[in-house]
Amino acid sequence: MAVTLVDSHAARVALFVTGGIAAYKACEVLRGLQKEGCEVRVAMTRSACELVGPRTFEALSGHHVTLDLFDDETSPIPHIDLAEWADLALVAPATANAIAKMAHGIADDAVSTTLLACPCPVVVAPAMNVHMWQNLATVANVETLKARNYLIVGPESGRLACGETGAGKLASPEQIVSAALYRLRARGDLAGRRIVITAGPTHEPVDPVRYLSNASSGKMGYAIAAAAAAHGAHVTLVSGPVSLPEPAGVGVIHVTTASEMLDATQDAFATADAAILAAAVSDYRPDKAADHKLKKAAEPLDKIELAENPDILATISADRGDRIVVGFAAETDNLLQNAREKLARKGCDLIVANDVSREDSTFGADTNCVTIVSPHDEETLDCMPKEQVAEAIIERVHDLLEPDDDYLAPSSPDATLLMPKAGA
Ligand code: PMT
């Protein structure tokens with residue numbers, strides 16, 4: 001599933017490949033971005049084409065590669081089309097020449113002209129010889145870009161393609177992808193917010209081959225995680241055993257039992273702004289799980305002693321301070337009355353009440369029919385796909401959080417980490 005980091009479409013990254021030996025690593029960057037749900041289009045300088053063929057990028061991206069300002073059959077004004085399409089411009093590798101052109105507003109080929117026309121944030125991953133990197137001209141150009149809030153990733157120190165050792169090596173593709181996602185997320189209205197989400201069932205072992213559980217598929221919680229990431233939040237999804245693909249751009253912690261889910265949720269919540277608990281946690285577990293497969297004849301299964309599991313929602317809510325906590329209520333009768341009681345008893349900000357006696361609102365269904373209950377109001381939504389329910393929940397959480405607009409300041413610790421380490 002494509003992650004919608006920006007507005008309602010998959011995040012769009014224009015990848016500018018300039019003529020460094022590391023140009024081949026841009027293929028890995030492209031694949032990494034796609035893995036995170038981004039759509040990528042590529043523009044290359046003529047020098048880059050000497051090092052990697054544009055057809056490689058065309059095949060990988062599934063899009064025409066922009067090479068020329070005038071000789072482009074796909075568009076009469078390719079540089080404006082690409083510049084306006086992109087949510088983020090990523091220059092990787094960025095040569096000293098490309099950096100100098102960006103710093104001075106020079107537009108003499110398709111790459112530099114498109115970059116000058118880009119209204120979106122720009123991430124730059126320099127790669128060059130150590131002396132070129134340390135040259136005062138490059139140092140000044142990089143400072144100019146940083147002052148314009150361009151995010152500079154790397155370069156690393158190490159053995160360079162020219163045989164020298166020092167700063168100038170392209171940052172790893174993983175670092176470059178992280179920097180791109182960081183900047184993309186910084187555009188969302190939950191940028192800088194950390195949200196913990198639980199999803200799926202728990203399995204409570206009876207013996208090595210049997211367990212107590214329920215029919216939760218994880219669809220609701222996974223949809224909430226994807227929606228939160230789409231709004232730019234840093235998301236930790238604590239997932240019980242499900243067979244869903246991990247949502248792009250979301251950190252997933254896999255757990256099995258309620259007690260593991262409690263530990264993982266508490267750990268993640270320690271640094272979070274909000275928690276949304278959509279998991280169907282088993283209320284009970286076998287008091288003692290057998291260490292061998294129980295034999296029906298000798299060890300009857302009809303007398304399993306149960307112990308109560310911890311209530312994750314109540315535990316998290318008791319320790320939340322001014323952080324936001326949202327729980328669910330899965331009910332088959334007295335939906336709203338039970339939901340109101342749960343809201344008061346568990347001490348959370350919102351309860352999402354779903355009537356799981358309905359086929360279109362239950363475990364495993366693709367749709368959900370919910371009422372969002374707060375201490376002040378109740379909002380009943382139409383029955384709709386779980387993705388849309390997730391979006392509505394995230395909007396309510398957003399309203400409660402009142403995002404901090406200063407997060408994007410270039411002086412933020414995360415941004416500083418991505419700044420050049422040497423030579424600048
Ligand atoms: O996963 P799907 O197939 O998409 O189905 C979605 C869903 C029906 C599982 C989901 O919409 C939902 O209702 N999740 C909560 C299910 C549930 O356990 O409801 P409950 O009313 O028993 O629990 C109330 C709240 O307390 C829930 O937020 C639950 O996560 C939490 N809880 C419950 C028990 C427990 N020991 N610890 C908890 O934290």
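Which residues are the closest to the ligand among those that surround it? They are S217, A279, K342, N354 and G364, out of 26 residues around the ligand. A residue counts as near a molecule if one of its heavy atoms lies within 4 Å of it.

Before I go on, a word on the source. This is a predicted model, where local features need pLDDT of at least 70, side-chain atom pairs count only at pLDDT 80 or more, and totals for chains, interfaces and linings use all residues. Residues are numbered from 1 along each chain as its sequence is written, and side-chain values use heavy atoms, with hydrogens and water left out.

Now the polar contacts, meaning pairs of N or O atoms within 3.5 Å. The side chain of S217 places an N or O atom 2.6 Å from an oxygen atom of the ligand. For A279 the backbone supplies the N or O atom, again with a ligand oxygen, at 2.6 Å. The side chain of K386 has an N or O atom 2.8 Å from an oxygen atom of the ligand. As for burial, the ligand taken alone exposes 770 Å², and the protein buries 95% of that; areas are from the Shrake-Rupley method with a 1.4 Å probe.

The ligand sits in the largest pocket. A pocket here is an open set of points on a 1 Å grid over the protein atoms alone, where a 1.4 Å probe fits, with protein on both sides within 12 Å along at least five of seven lines.

Which elements give two or more residues to the shell? They are α10 (219-230), α12 (312-318), β16 (324-331) and α13 (335-346), with helices of at least four residues and strands of at least two taken as DSSP runs. β16 has the largest share, four residues. By type, the shell has 13 nonpolar, seven polar and six charged residues, with Gly counted as polar.

On the chain as a whole, the domain assignment, automatic or from a database, gives domain 1 (12-184) and domain 2 (190-401). Their C-alpha centres are 41 Å apart.

Last, the backbone. Most peptide bonds are trans. The bond from A92 to P93 is cis, with omega near -5°, and P93 is in strand β3 (residues 88-94). G154 and P155 are also joined by a cis bond, omega about 5°.

Key
A polar contact is a pair of N or O atoms within 3.5 Å; within protein, one must be able to donate a hydrogen and the other to accept it, and residues adjacent in sequence count only if both atoms are side-chain atoms. On a 1 Å grid over the protein atoms alone, a cavity is a set of points where a 1.4 Å probe fits but cannot get out, and a pocket is an open set with protein on both sides within 12 Å along at least five of seven lines; lining residues have an atom within 4 Å of a point. A molecule sits in a cavity or pocket if more than half of its atoms lie within 2 Å of its grid points.
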